[in-house]
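My notes follow the order in which I checked them.

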Amino acid sequence: MNKLRTGAFHSGMILLSLLWLGPVIWVVVMSTRSFDDIAAHGVGSLPRSFTLDTYRQAWTDGGELRALINSMLVTVPSVALSLGLAAMAAFALSRFRIPGRRTILLLMLAGNLLPPQILLIPVAKFSELTGLYDTLWALIAVQVGFGLGFYTFVLHGFMRDLPGEIQEAATIDGAGTAQIFTKVMLPLTRPALAALGALSFTWIFNDLLWAITVLRTDDNMPVTPALLGLQGQFVSSWNVIAAGTVIAAVPTVAVFLRFQRHFVSGLALGAVK
Amino acid sequence: MSDFDPGRRRFLGHLGLAGLGALGASSFLSACASSASGPTTGNGSGAVTIQSNLSSPQAKAAMEKLIANFNAQGKGTASLNTIASETFRTQLPTYLTSANPPDLYTWYAGSVANDYASKSLLLDVSDVWKSLGDYPQSLRTLSTDASGKQIFVPMNNYWWGFFYRKSNFAKWGVQEPKTWTEFLALCETLKGKGVPPIGIGLGDTPWVASAWFDYLNIRINGAPFHRELLAGKQRFDDPKVKAVFTRWREALPYFDPKGKAYPFQEATTALLAGKTGMFLIGTFFADAAPKDALGDLDFFRFPIIDPAVPLAEEAPTDGFFASAKTANPTGTKALLTYLSGVEAQEAYVKASSGIVLPANPKAKASDSPLVVKGKAMLDEAKELTQFFNRDSSDALQPTADTALTKFIDKPDQIDAILREWQAGAEKVFKG
């Protein structure tokens, strides 16, 4: 009976994971097919050709190298900056009796409830006014601005639950506020920061909407709009796009694997009050 | 107690170091960002920027070559900026209205361009047209806005038709039909052989159905009525429009039932694999065909329904317009003059794989039999229309998509569908 249950469980899980992996495998397989094969037999058919030239095309013709560099130039500072600022804000809001701290927190949360689509035109116009339009700075500013509310909210929840005695002990030991923040709070918040870091890295790296809103020069485009650029007006080389997608997925997968442990434990963040 | 203290000290020191490391890394990375994104601001002084939606690899390469040629001539400098066509479509209004817009844009002729012109966003390029005296009147009219000045320079156009595989038509022993009756007979024959006669691809690309509406309307009611209808001067619930759908219903049983599910690219695959008989589509579909199938492709014009109606064909025209705010109108016009010249147009046709006809009458199109036939068909036409969205607006296109998809699903509800379409169109025209 027990064996049967284990067997059923495993075969069920194998099927389920195949369901999850299916699209990924499909993309990888498609990236190794030739254009004529896809055109003649359709994107869904079994592969009848094998080529790795698609990766070369995506890398050189698609300008993916430049795009990946742009993506990293935006993502890494955005993640560092937004998490740094959010940690400071969360520290202040959770450990000190700042007047109106609830309102500030709710305001930050409310900002997250706004659909980004309604802000596209204001953001585009504002970035133009500030002269940042079509620079990576604009994108970094937008990403930091939009991430900040949510990160602060999550970190606030985490920091609030840290025992107050630690802070008191540090105060008695003569630590100032800045020292408590950098030497006590930040280290203790590390799991939350790691999880949020992995999350925000993925979000910012995969963002398309803001990139095409504040950028218009192809040399400035990060990897997601560059992938879109591989599509023609009517007809797209799906094999090259698939290859480009595989390449573009590498950084996020690497970050996820590196922070996997924190990421999974971090999913429960704020779930228990 | 004495054991406890050093331990905690070490703990704190360790963590402090980690914190410092994180801070250092972030400042280093933002320094990188600044050095890379710094010099990209602004358009530069003299260079004309051309914002292009020709993002497919061949077309992009063709444009790059043209711009390189122009720069080599020393009459000015231009820089090409290729944006994904889908992104371009949504961002074009933002580009045009921004404080420091790109100078030149690839886009469509006709009402789409005129819309922008009526908002004074486009540069008057009548100067360029002075050297385009031998362009046909139809293209000149198409490039002229309501106030009578030219705002558009055409680059090329293409045509729509019923495409099929020669080898398959030979295998099935059928001929190209000329009239609607012959067309329906052909459909019946193919259906008898177990082949869905008419391929279509409406999943993700519902606008393909508009070609049927356009063609039936210009065959039954004529091009002038069609234009007035799309400009909001006629009503979609007019009996004349209903007549279009009555005809369409005759052909509806012959449509490939799978066509609602997949996009036109897959409908192309189905056509090439002999799973459908023929396919009403624009020449751009050939980009989705494997190279070895291209020689086997042929097409016939949309069958004649009423011989009394002057012959009209769909010929979507692509080209360029310039921003009214350009800092360098002289350079922009010089580039436009170059792009409309014989040399540039022939180079573009040669380098891009698409089946396109150059706008300049002196430029030679590719001499493949397909292109010769297509050019002859357009030359024979008394009137040229473009396509539903190009003759109306991108805002009206979704109303057509809804109405036509619904009609294909439930043809007997046509009266209600047309009433809804009219209501939807009125909202768009009131804007």
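Before listing any packing, I noted that two residues are in contact if their C-beta atoms, placed from the backbone, lie within 7 Å. This is a predicted model, in which local features need pLDDT of at least 70 and side-chain atom pairs count only at pLDDT 80 or more, while totals for chains, interfaces and linings use all residues. Residues are numbered from 1 along each chain as its sequence is written, and chains are lettered from A and ligands numbered from 1 in the order in which they are written.

**Entry 1: chain B overall.** I counted 18 helices and 12 strands in chain B, taking helices (H or I, at least four residues) and strands (E, at least two) as DSSP runs numbered from the N terminus. Of the 431 residues of chain B, 44% count as buried; a residue is buried if 20 or more other C-beta atoms lie within 10 Å of its own, exposed if 12 or fewer, and partly exposed in between.

**Entry 2: helix H17(B).** I looked up helix H17 (residues 397-409) of chain B, whose 13 residues should span 18 Å at 1.5 Å a residue, and this agrees with its end C-alpha atoms being 18 Å apart; the expected span is 1.5 Å times one less than the number of residues. In H17(B), I found B:Thr399, B:Ala400, B:Ala403, B:Leu404 and B:Phe407 buried. These residues cover an arc of only 115° around the axis, so they sit on the same side of H17(B), the arc being that of the directions from the helix axis to the C-beta atoms. Against what do the buried residues of H17(B) pack? I noted helix H9 (209-220), helix H11 (239-251), helix H16 (388-391) and helix H18 (414-430) of chain B.

**Entry 3: strand S3(B).** In strand S3 (residues 104-108) of chain B, 5 of its 5 residues are buried. Strands count as paired if DSSP finds at least two bridges between them. S3(B) pairs in the parallel sense with strand S1 (residues 48-52) of chain B over 2 bridges, and B:Gln51 stands opposite B:Tyr105. With strand S10 (residues 317-322) of chain B, S3(B) runs antiparallel, joined by 5 bridges, and here B:Leu104 stands opposite B:Ala322.

**Entry 4: the two domains.** Chain B is divided into domain 1 (48-158 + 317-363) and domain 2 (160-314 + 386-430), with bounds from an automatic or database domain assignment. Their C-alpha centres lie 29 Å apart, and the contact takes 11 residues from domain 1 of chain B and 10 residues from domain 2 of chain B.
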